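This briefing gathers what can be stated about the model shown below.

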Amino acid sequence: MMTKKVIIGIMSGLISGFFGAGGGMILVPAYMYILKMPDKKARATSVFSIMPMVLASTLFYVQKSYLDLQLGIKCIIGGIIGGIIGTKLLERFSIKTLKIMFTLFLIYASIKLII
Amino acid sequence: MLEIGIGIVAGIISGLGMGGGTILILALILLMNIEQHVAQASNLLFFIPTSIVATVINAKKKRIDWKVGIPIALSGTLGAIIGAKFAIQIESTNLRKYFGIFLGIIALNEIYNLIKMYILEQKTNNKNKSK
């Protein structure tokens with residue numbers, strides 16, 4: 001059981017540090033399907049687990065002066081507003097259509113970045 | 001102003017639980033021509049206050065499984081240090097390409113999930129009909 005946890009942790013940490021995102025995309029399904037955690041608990045626990053990974057990664061990006069504080073803060077302000085709207089939307093609508101749109105957009109973006 | 005708008009969209013998607021971070025990075029590099037590393041660092045910064053607030057709330061509501069969360073946080077930090085060390089040494093154009101491949105994998109996984117969901121729905125519909 002411990003080996004499983006360590007492997008899941010290292011994998012999500014590698015992605016999180018390398019791409020500065022995506023740790024949750026690995027952790028939430030890993031918690032739900034490998035460690036059999038219920039949905040809400042998996043999401044809450046993953047946010048907690050990623051926190052130190054993000055803090056450690058940030059230090060390395062700061063060290064190379066990749067952090068634009070002004071840009072970051074503007075994004076955070078928008079993010080707080082958007083987060084509240086998103087949570088409210090989640091209570092009202094099915095997210096299936098949104099998921100399809102999100103996936104189509106990812107495919108487009110992926111091709112654009114690779115070429 | 002555009003930065004705030006991008007933040008709002010990323011926040012909405014995060015709130016819906018669909019990976020707002022990847023959208024934030026994408027929007028910054030595609031719409032604002034921000035360098036890949038800087039966009040990634042912005043997303044890291046974006047996550048810090050959000051995750052602290054969420055964790056305090058989740059801890060109070062006893063939603064966190066500490067026995068799983070703590071060992072993963074520790075091994076994850078080790079992974080993150082290695083990942084970040086690699087990322088800051090890689091050239092921006094290459095990192096951008098790898099990010100594109102990563103998004104492609106996420107998209108394929110989403111398609112797989114959608115198909116799985118569709119098949120499951122069909123099955124339950126058929127069952128209801130036969131009743």
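In chain A, residues 24 or more positions apart account for 34% of the contacts with a separation of 6 or more, where two residues are in contact if their C-beta atoms, placed from the backbone, lie within 7 Å. This is a predicted model, in which local features need pLDDT of at least 70 and side-chain atom pairs count only at pLDDT 80 or more, while totals for chains, interfaces and linings use all residues. Residues are numbered from 1 along each chain as its sequence is written, and chains are lettered from A and ligands numbered from 1 in the order in which they are written.

**Fold of chain A**

- Chain A holds five helices and zero strands, in the order α-α-α-α-α from the N terminus; helices (H or I, at least four residues) and strands (E, at least two) are DSSP runs, numbered from the N terminus.
- Taken along the principal axes, the C-alpha atoms of chain A fill a box of roughly 40 × 40 × 35 Å.
- Of its 115 residues, 47% count as buried, a term that requires 20 or more other C-beta atoms within 10 Å of the residue's own, whereas 12 or fewer make a residue exposed and counts in between make it partly exposed, with C-beta atoms placed from the backbone.

**Interface between chains A and B**

- The interface brings 74 residues of chain A into contact with 76 residues of chain B, and the elements giving two or more residues to the chain A side are H1 (2–19), H2 (23–34), H3 (39–63), H4 (69–92) and H5 (96–114) of chain A.
- H3(A) gives the most to this side of chain A, with 19 residues.
- By class, the side of chain A that touches chain B has 46 nonpolar, 20 polar and eight charged residues, where Ala, Val, Leu, Ile, Met, Phe, Trp, Tyr, Cys and Pro count as nonpolar, Asp, Glu, Lys and Arg as charged, and the others, Gly among them, as polar.
- H1(A) and helix H4 (residues 66–89) of chain B pack at an angle of about 35°, with their axes 6 Å apart; axes are lines fitted to C-alpha atoms, for helices over the stretch in contact, and angles run from 0 to 180 degrees between N-to-C directions.
- The residues of the contact of H1(A) with H4(B) comprise 19 nonpolar, ten polar and one charged.
- Phe48(A), which lies in helix H3 of chain A, counts as buried because it has 26 C-beta neighbours inside 10 Å.
- Not counting residues up to four places away in sequence, Phe48(A) touches Thr55(B), Asn58(B), Ile64(B), Gly69(B) and Ala73(B).

**Domains**

- Chain A is assigned domain 1 (1–66) and domain 2 (68–115), with bounds that come from an automatic or database domain assignment, and the C-alpha centres of these two domains of chain A lie 19 Å apart.
- Chain B is divided into domain 1 (1–63) and domain 2 (92–131), and 23 Å separate their centres, taken over C-alpha atoms.
- Five residues of domain 1 of chain B are in contact with six residues of domain 2 of chain B, and helix H2 (20–31) and helix H3 (36–60) of chain B are the elements that give two or more residues to the domain 1 side.

**Confidence**

- The model scores ipTM 0.90 and pTM 0.90.
- Chain B has a mean pLDDT of 91, with 98% of its residues reaching 70 or more; pLDDT is the predictor's confidence in each residue, from 0 to 100.
- Among the elements of chain B, helix H1 (residues 2–15) of chain B has the lowest mean pLDDT (88) and H4(B) the highest (97).
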